[in-house]
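Subject: A structure for you to look at

Hi there,

Here is the structure I promised you, with its sequence. Have a look around it first, and then read on for what turned up.

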Amino acid sequence: MTRPDPSSPPPRDEAPRIASDPARSELSAAHRAALEAYDLGLTRMDEMPGRAAMDAETADYAEFVLIVLRRSGNPGESGRNILARNDFLLQSPVPGRRYTQRCPNCRRPTIYHERYLHAVCDHCQSRATDRAGRRIIGFNTGFGGGMIAYYADTVEHSDGSQREECVETTRTGVCFVDGHPATMQEARFGGIVVQMTPAG
């Protein structure tokens, strides 16, 4: 009998069992720290007691896991349930791989993408505005690609009122974060990415 590759994710039927028990040896120190931070309601690993004791690679991966838990969870949902549902998170981190980067606007951690080196964190993306300072949200238009920006105050109404498009941002991608120039665009594999415009 061969041992499973520790770098590959566990079989789908094993993920809920592994994730449900935070003390299991299959969970790395990064997984356990991220789950603890999530359960404490923390948004960043640097808020976590004992964070200084982690080596840089473990802290980087724990930060990545915590960001994914925050993005994937529903209010009040257990971090273990989210971890089980996103079983790709149960694989061991790849040594030497970078998982997070600092937001160029506020310095909070965000997921590292080599393609989007100036991408802002979720917190800053939620504050993107048009030129006049009105908050906007970007959406994918379909499976074939495309992006459309709406004014946030017309999207968040539950009364079924009409969404109002921010035509300039849809057309040009120009937006602002805390008054600084940025761009909003469709990400390569779907989703929306907001990047700060580099100075110069």
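This is a predicted model: local features need pLDDT of at least 70, side-chain atom pairs count only at pLDDT 80 or more; totals for chains, interfaces and linings use all residues.

G50 sits in the loop that links α2 and α3. This glycine is exposed, and its relative accessible area is 53%.

Helix α2 covers residues 29–39 and helix α3 covers residues 56–72. Their axes are 8 Å apart, and the helices pack at an angle of about 45 degrees. That angle is why α2 counts as oblique to α3. The crossing of α2 past α3 is right-handed.

Which residues of α2 and α3 meet? On the α2 side they are A29, A30, H31, A33, A34, L35, A37 and Y38, and on the α3 side T58, Y61, A62, V65, L66, L69 and R70. Sorted by class, the contact of α2 with α3 has 12 nonpolar residues, two polar and one charged.

As a general background, nonpolar side chains in soluble globular proteins tend to be buried together. The largest nonpolar core here has 26 residues, and the members that touch the most others are M45, F64, V65, L69 and L83. At least two residues of this core come from each of α2, α3 and α4 (79–85). The biggest share is from α3, which gives nine residues.

Is E77 buried or exposed? E77 is buried, because its relative accessible area of 16% is under the 20% cut-off. You will find E77 in the loop between α3 and α4. Not counting residues up to four places away in sequence, E77 touches Y38, S72, I82 and R85.

Two backbone angles also deserve a look. Most residues other than glycine have a negative phi. R107 is not a glycine, yet R107 has a positive phi of about 75 degrees. R107 belongs to the loop between β1 (100–102) and β2 (109–111), and R107 is exposed, with a relative accessible area of 51%. D178 is not a glycine either, and its phi is positive too, at about 55 degrees. D178 lies in the loop between β6 (174–177) and β7 (180–186). With a relative accessible area of 42%, D178 is partly exposed.

Finally, here is the overall picture. The protein has seven helices and eight strands. Of its 200 residues, 38% are buried. Among contacts with a separation of 6 or more, 46% are between residues 24 or more positions apart.

Happy exploring, and do write back with any questions!

Best wishes

Notes. Residues are numbered from 1 along each chain as its sequence is written. Side-chain values use heavy atoms; hydrogens and water are left out. Axes are lines fitted to C-alpha atoms, for helices over the stretch in contact, and angles run from 0 to 180 degrees between N-to-C directions. Helices (H or I, at least four residues) and strands (E, at least two) are DSSP runs, numbered from the N terminus. Angles under 35 degrees count as roughly parallel, over 145 as roughly antiparallel, 65 to 115 as roughly perpendicular and the rest as oblique. A crossing is left-handed if the near helix is turned anticlockwise from the far one by less than a right angle, and right-handed if clockwise. Contact means heavy atoms within 4.5 Å. Ala, Val, Leu, Ile, Met, Phe, Trp, Tyr, Cys and Pro count as nonpolar, Asp, Glu, Lys and Arg as charged, and the others, Gly among them, as polar. A nonpolar core is a set of buried Ala, Val, Leu, Ile, Met, Phe, Trp, Tyr and Cys residues joined through side-chain atoms within 4.5 Å. Buried means under 20% relative accessible area, exposed over 50%, partly exposed in between (1.4 Å probe, protein chains only).
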